[in-house]
Amino acid sequence: MPKQKSAMLKKVKDDKKAPEEGWFRDQMRERGLLRKNIAERLNVQGNAVWQMLRGERRVQIPEIQIWAELLQQDFTEVARRFGYPIPARHCNVTGAVNDRG
């Protein structure tokens with residue numbers, strides 16, 4: 001592999017966490033999705049799908065949206081599984097109300 005390409009792949013991996021490849025494979029299996037199906041929707045070569053899952057190719061925001069639609073998952077969940085830093089959503093609860101007030 002040329003040094004320039006190797007350095008580029010390392011940079012992509014260093015910028016964020018590695019994707020959770022196993023989670024994506026499980027989601028694909030549960031939905032009967034093949035690499036070919038995903039590649040067609042993303043308009044990429046089939047090997048680009050595995051490169052995305054291994055963190056060797058940066059997944060762009062529009063591609064995350066397509067993945068989310070295909071996997072029937074929330075965009076932020078898919079982005080987080082691809083290693084993008086997604087802030088945790090939480091709020092402080094100061095009280096609770098039930099049916100009696």
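Glu77 and Arg80 form a salt bridge, with the closest N and O atoms 3.0 Å apart. A salt bridge here is a side-chain nitrogen of Lys or Arg within 4 Å of a carboxyl oxygen of Asp or Glu. The two residues sit 3 residues apart in helix α6, so about one helical turn separates them. Helices are DSSP runs (H or I, at least four residues), numbered from the N terminus. The model is predicted: local features need pLDDT of at least 70, side-chain atom pairs count only at pLDDT 80 or more, and totals for chains, interfaces and linings use all residues. Residues are numbered from 1 along each chain as its sequence is written, and side-chain values use heavy atoms, with hydrogens and water left out.

Glu77 also meets Arg81 in a salt bridge between side chains (2.7 Å, N to O). These two are 4 residues apart in helix α6, again separated by about one helical turn. Glu20 and Arg81 are joined by a salt bridge as well (2.5 Å, N to O). This pair links distant parts of the chain. Through shared partners, the salt bridges join Glu20, Glu77, Arg80 and Arg81 into one network. In the whole structure, the search finds 10 salt bridges. Side chains of opposite charge can pair when their charged atoms come close.

Buried means under 20% relative accessible area, exposed means over 50%, and partly exposed lies in between (1.4 Å probe, protein chains only). Arg81 counts as buried because its relative accessibility is 16%. Glu20 has a relative accessible area of 25%, so it is partly exposed. Arg80 is partly exposed too, at 30%.

The aromatic residues were examined next. The structure holds 4 aromatic pairs. Rings of Phe, Tyr and Trp (its six-membered ring) pair if their centres lie within 6.5 Å; planes under 30 degrees apart count as stacked, over 60 as edge-to-face and the rest as tilted. Phe24 and Trp67 make an edge-to-face pair, with 5.4 Å from centre to centre and 75° between the planes. Phe24 belongs to helix α2 and Trp67 to helix α5, so the pair ties together parts that are 43 residues apart in sequence. Both residues are buried. Trp67 and Phe82 also form an edge-to-face pair, at 5.5 Å centre to centre and 75° between the planes. Here Trp67 in helix α5 is linked to Phe82 in the segment after α6, 15 residues away. Trp67 has a relative accessible area of 0%, and Phe82 likewise has 0%. Ring pairs link Trp23, Phe24, Trp67 and Phe82 into a cluster.

Another ring has a charged neighbour. Arg25 lies over the face of Trp50, at 4.2 Å from the ring centre. For this assignment, NZ of Lys or CZ of Arg must be within 6 Å of the ring centre and within 35 degrees of the ring normal.

The nonpolar core follows. Such a core is a set of buried Ala, Val, Leu, Ile, Met, Phe, Trp, Tyr and Cys residues joined through side-chain atoms within 4.5 Å. The largest one has 22 residues, of which Phe24, Met28, Ile38, Leu53, Trp67, Val78 and Phe82 touch the most other members. Two or more residues come from each of α2 (21-31), α3, α4, α5 (61-71) and α6 (75-81). Helix α5 gives the most, with 6 residues. Contact means heavy atoms within 4.5 Å. Not counting residues up to four places away in sequence, Trp67 touches Phe24, Met28, Ile38, Leu42, Val49, Met52, Leu53, Val59, Val78 and Phe82. Gln27 lies in helix α2 and counts as buried, at 8% relative accessibility. Its side chain makes a polar contact with the side chain of Gln73 (3.1 Å). A polar contact is a pair of N or O atoms within 3.5 Å; within protein, one must be able to donate a hydrogen and the other to accept it, and residues adjacent in sequence count only if both atoms are side-chain atoms. Leaving aside neighbours within four places in sequence, Gln27 is in contact with Leu71 and Gln73. Gln45 lies in the loop between α3 (35-42) and α4 (46-54). Gln45 is exposed, with a relative accessible area of 62%.
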